[in-house]
Amino acid sequence: MKQSRNRAQEEMVGFILIILIVIVIGLFFVGYSLRHKTEPVQNAEVGSMISAMLEYTTNCTPYGISYYNLRDLLKACYNNEVCSNLEQDSCIYLQNLTKAILAVSVNTTDRPVNAYEFKANFVGAKNQTILNITKGVCNKNITLASQQIAAEQGNIIVSLKFCKA
């Protein structure tokens, strides 16, 4: 009777050790997967999209002379100008137009975009966010690109980040 009792205790200890080892291995994998984030990848296709967007001719004109492209509209927004022909603040027009362009352009590839982020920041004497449009949360499969636009007393950095499924 005493031998069977000792043997049962040994089996219980062995079983508990196996469970502890499985738990430790499981915690290791969970910790690794939580810490492991995919690094964003610079992408020429996204860079081309930014270039095309910046050259898009808008309906905004400052004095009825010529129409701004998106690049000029970003500068106009930073300088708090108004689209005189539209009687609208250039920043409001810029935000609405950029949202519309992104809505049409985003899901034209074979892999749908789950989330995106379009930013335009002025970097210079006073740093300022000109435009920040986000849709969804982007954590994996990140592709991005950025472009720099020369502006008075600094630069405007335009960046576009996509998160694909």
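This is a predicted model: local features need pLDDT of at least 70, side-chain atom pairs count only at pLDDT 80 or more; totals for chains, interfaces and linings use all residues.
Local features need pLDDT of at least 70 and side-chain atom pairs count only at pLDDT 80 or more, while totals for chains, interfaces and linings use all residues. Residues are numbered from 1 along each chain as its sequence is written, and side-chain values use heavy atoms, with hydrogens and water left out.

Helices (H or I, at least four residues) and strands (E, at least two) are DSSP runs, numbered from the N terminus. Two packed helices are described by the angle and the distance between their axes. Axes are lines fitted to C-alpha atoms, for helices over the stretch in contact, and angles run from 0 to 180 degrees between N-to-C directions. The axes of α2 (residues 44–55) and α3 (residues 70–78) come within 5 Å and cross at roughly 75°. The two helices are therefore roughly perpendicular (65 to 115 degrees; under 35 is roughly parallel, over 145 roughly antiparallel, and the rest oblique). M53, L54 and E55 of α2 meet L70, R71 and L74 of α3; contact means heavy atoms within 4.5 Å. Four of the contact residues are nonpolar, none is polar and two are charged. Here Ala, Val, Leu, Ile, Met, Phe, Trp, Tyr, Cys and Pro count as nonpolar, Asp, Glu, Lys and Arg as charged, and the others, Gly among them, as polar.

A nonpolar core is a set of buried Ala, Val, Leu, Ile, Met, Phe, Trp, Tyr and Cys residues joined through side-chain atoms within 4.5 Å. Buried means under 20% relative accessible area, exposed over 50%, and partly exposed in between (1.4 Å probe, protein chains only). The largest core has 34 residues. L73, L74, L102, I130 and V158 have the most contacts inside it. Elements giving two or more residues include α2, α3 and α4 (90–105). The largest share, six residues, comes from α3. Beyond its neighbours within four places in sequence, L74 touches L54, L94, A120, I130, I149, I156 and V158.

Two strands pair if DSSP finds at least two bridges between them. β4 (113–124) pairs with β7 in the antiparallel sense over 11 bridges. N121 stands opposite I157 in β7. β4 also pairs with β5 in the antiparallel sense, over seven bridges, and A120 stands opposite L131 in β5. Three residues separate β4 and β5 in a hairpin.

N80 is found in the loop between α3 and β2 (82–83). N80 counts as exposed because its relative accessibility is 61%.
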